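Hi everyone, thanks for coming along.

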Amino acid sequence: MAFAISTVTLINLLFIAAGIGICGLCFLQITSSTHLRREVRRYFQVFFGVIILYIATHLARELMNGLPGAGVRAALLTVTFAEMLAAGFMAFMMSMLILSVLRPEKHGKPLQIVLIALLGLHLLLLIVGQTRGLIYDFDAANVYHRGPAYLLSNLCPMVMLVIDAVLMLRHGRKIDRRVATAFWVYLIAPIVAIVIQGFTYGLQLIIFATVGAAVYMFSVIIRDLNTRYEKQQAESSRLETELSLATRIQADMLPNIFPAYPEREEFDIFASMNPAKEVGGDFYDFFFVDDDHLGIVIADVSGKGVPAALFMMISKILAQNYAMTGRSPKEVLEAVNAQICTNNREEMFVTMWLGLLDLNTGRLVAANAGHEYPVVKPADGSFALVKDKHGFVVGGMPGLKYKEYELQLDPGAKLFLYTDGVAEATDAADELFGTDRMVDALRSAENEAPKEIVQAVDRAVADFVKDAPQFDDLTMLCLHYKGKQTKPDGNGA
């Protein structure tokens, strides 16, 4: 017996096969897209997976339609049930997408419940319809026939699409016009196809409409997401460039040329600042108040990143400017605190240690505003913490008074200052580096120059934390006081 196939059936089969291929390619593109948000990728994977299931079951029904055998009949019933159930799932997925994009405030949750109920009703109608042949049936020759209540198979999907249309009419202006147009195409095309197919046999218009509208909607949404991603990348690149520039500006704000004063033989000094982010809130500074007095500052601003960096620059400039007027360390801290408290809506603060060293005598006058204890090595001893009295942080409240204290640095003495990022450096087991380990590291290099001392502590911290991330800025400063140098003729330098 010769095999015959009608032109309409051939067109249906070819388009169905093409539809599976197109939807499969879309599925692969979604899966391979690395910049899509997880929820967007997951939605489209499920969406096109359901479309492929719908088309594949329809193709299987077309190929088996009219073939003899009880097994074929069971298979036809199964694939037809899956086909119509997939059609309901497609409408449900579309409704959930529109609901998630439009977010109609108080109606969101109730509509989700309604949509789930409609999907459940759709399943129930298919089960009842299959057992009684109301929606579809197969005759003795296994040829497909629509049942008297065939339109019930489209009832719930149609209601879902109507809900989608109402949502678009009420809230569609919230979204991009191209995306809204793509939604409308997907909503209208299946509705028109369902209405026409309800009264005619022949070309499977619902397949044409579903695949075409789905691919168009997908292309528009993906193009919109890609455009947003490109803008985000451009913005990210701009921010990275600006942060890189901010890092260089901040580094240039701190003394960073060493040896700092090679013409001065009374002292040697070295400092480093390693921010936890691109820019940090720690800072150090040293400067001559006059020919015989060296100002030394180390500070730690509350917070991290750009806000802390901006606050750090303000604090540094204020501290240096007030120190250059001849004020004592306590007076400088009081003046800086008063200035910062004048306009500090963000309630930021800074811990600060400030000292003024007389290079002729080694007399160091200092004041501490909530900062870490300094570490001093006498000329004939080892490094040890100096537990000075802390004042309150700068910027904490107006009208604060600070106290000064004195340290005598004899020739050969060394001073080490640091921020809490050193002592509070944490390893993978959440154990702190601590001041004891810091002092041990200082003592291991106490006979070295300031640069080597700072590097020794830095290595000790790195060896301790290993691969654990850096959570705080690490800032250190070391000064070696040498005193006035005596020339061979016995006169002072």
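Let's start with E266 and R264, which are both buried; buried here means under 20% relative accessible area, exposed means over 50%, and partly exposed is in between, with a 1.4 Å probe and protein chains only. Their side chains meet in a salt bridge at 2.8 Å, N to O, where a salt bridge is a side-chain nitrogen of Lys or Arg within 4 Å of a carboxyl oxygen of Asp or Glu.

A quick word on the ground rules. This is a predicted model, where local features need pLDDT of at least 70 and side-chain atom pairs count only at pLDDT 80 or more, while totals for chains, interfaces and linings use all residues. Residues are numbered from 1 along each chain as its sequence is written, and side-chain values use heavy atoms, with hydrogens and water left out.

Back to the charges: D285 and K316 also form a salt bridge, at 3.3 Å, N to O. D285 sits in strand 4 (residues 282-290) and K316 in helix 8, so this pair ties together parts 31 residues apart in sequence. Helices (H or I, at least four residues) and strands (E, at least two) are DSSP runs, numbered from the N terminus. D285 and K316 are both buried. Salt bridges with shared partners also join R264, E266 and K484 into one network.

How many salt bridges turn up in a search of the whole structure? The search finds 10. One of them joins R73 and D137 at 3.5 Å, N to O. R73 belongs to helix 3 (residues 70-102) and D137 to strand 1 (residues 136-138), 64 residues apart. R73 is partly exposed at 28% relative accessible area, and D137 is partly exposed too, at 34%.

The largest nonpolar core has 55 residues, and V350, W353 and L479 touch the most other members. By nonpolar core I mean a set of buried Ala, Val, Leu, Ile, Met, Phe, Trp, Tyr and Cys residues joined through side-chain atoms within 4.5 Å. Helix 8 (residues 305-323) gives this core its largest share, 8 residues. A second, separate core of 49 residues includes I30, Y43, F47 and F218.

Five strands form an open sheet in the order 3-12-11-8-9, with antiparallel pairing; two strands pair if DSSP finds at least two bridges between them. At the edges are strand 3 (267-274) and strand 9 (384-385), each pairing on one side only.
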